[in-house]
Amino acid sequence: MPEPVPRDPAEPLSGRERQDLLSRTALGVFQLNGQFLAVSEELARPAGLTAAWGQVLGAVLTDPLPVAGIARKMGITRQSVQRVADLLAARGLAEYVPNPAHRRAKLLRPTEEGRAAIARIGPAHAELAARLAALLGETAFAETAAALERLSQALATLASEPGGCAGRVRRLELDGSDSAPLTYDRD
């Protein structure tokens with residue numbers, strides 16, 4: 001990605017600049033997603049797992065969860081988690097247990113074999129974390145994680161508003177510049 005042009009931080013961004021930031025952020029996150037999936041596959045393979053299996057097992061390491069809860073935690077569809085959870089259970093890496101809060105939505109929890117598989121990923125995961133911290137610097141690494149967490153929370157907040165993330169465009173006002181400010185109807 002090209003480096004951003006230095007600008008006076010006291011000047012507010014134009015609508016076009018905000019749109020460009022959103023696009024750059026989304027494209028960067030999409031690229032990171034692909035990179036993380038590839039790295040996750042490499043980390044999981046020696047433990048006899050796939051990245052998806054490791055993600056689902058990782059989601060229930062501390063507390064068992066229903067499939068819908070795992071999907072919410074991971075930000076993916078319930079159906080995707082259900083397929084992986086069923087495979088994990090069939091291979092003895094996880095098991096379904098009764099859910100005291102809901103008779104039909106059983107909880108998924110790792111078996112000892114599933115915990116052992118995740119533990120085998122630990123050393124390579126720790127090495128990757130150390131290498132990234134050395135490359136980025138520990139402070140920048142922590143700031144990156146915090147910025148991604150804030151971005152995720154901001155999108156979750158917008159998604160919970162009436163009209164979702166984008167809202168509904170009520171009118172478009174052209175101001176004569178290269179940007180077109182939008183007004184959103186948040187009914």
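**Close-up views of a predicted model**

**View 1. Thr111 and its surroundings.** The side chain of Thr111 reaches the backbone oxygen of Gly92 at 2.6 Å. This is a polar contact (a pair of N or O atoms within 3.5 Å; within protein, one must be able to donate a hydrogen and the other to accept it, and residues adjacent in sequence count only if both atoms are side-chain atoms). The model is predicted: local features need pLDDT of at least 70, side-chain atom pairs count only at pLDDT 80 or more, and totals for chains, interfaces and linings use all residues. Residues are numbered from 1 along each chain as its sequence is written, and side-chain values use heavy atoms, with hydrogens and water left out. Thr111 sits in the loop between β3 (102–110) and α5. Helices (H or I, at least four residues) and strands (E, at least two) are DSSP runs, numbered from the N terminus. Is Thr111 buried or exposed? Thr111 is buried, because its relative accessible area is 16%. Buried means under 20%, exposed over 50%, partly exposed in between (1.4 Å probe, protein chains only). Leaving out residues up to four places away in sequence, Thr111 touches Gly92, Leu93, Ala94 and Glu95. Contact means heavy atoms within 4.5 Å.

**View 2. Arg115 in helix α5.** Arg115 belongs to helix α5 (residues 112–136). Its relative accessibility is 35%, so Arg115 counts as partly exposed. Which backbone oxygen does the side chain of Arg115 reach? The backbone oxygen of Leu61, at 3.0 Å. Neighbours within four places in sequence aside, Arg115 is in contact with Leu61 and Pro110. Gly54 is 61 residues from Arg115 in sequence. In space, the two are 10.0 Å apart, C-alpha to C-alpha.

**View 3. The open sheet.** Its 3 strands run in the order β1-β3-β2, with antiparallel pairing. At the edges are β1 (65–66) and β2 (94–99), each pairing on one side only. Two strands pair if DSSP finds at least two bridges between them. β1 and β3 are joined by 2 bridges. β2 and β3 pair over 5 bridges.

**View 4. The β2–β3 hairpin.** How many residues lie between β2 and β3 in their hairpin? There are 2. Ala94 has Pro110 in β3 as its bridge partner. Glu95 stands opposite Arg109 in β3.

**View 5. Helix α1 against helix α2.** Helix α1 (residues 15–44) packs on helix α2 (residues 51–59) at an angle of about 85°, and their axes are 8 Å apart. That makes α1 roughly perpendicular to α2 (65 to 115 degrees). Axes are lines fitted to C-alpha atoms, for helices over the stretch in contact, and angles run from 0 to 180 degrees between N-to-C directions. From α1, the contact uses Leu37, Ser40, Glu41 and Ala44. From α2 come Ala51, Ala52 and Gln55.

Methods. Angles under 35 degrees count as roughly parallel, over 145 as roughly antiparallel, 65 to 115 as roughly perpendicular and the rest as oblique.
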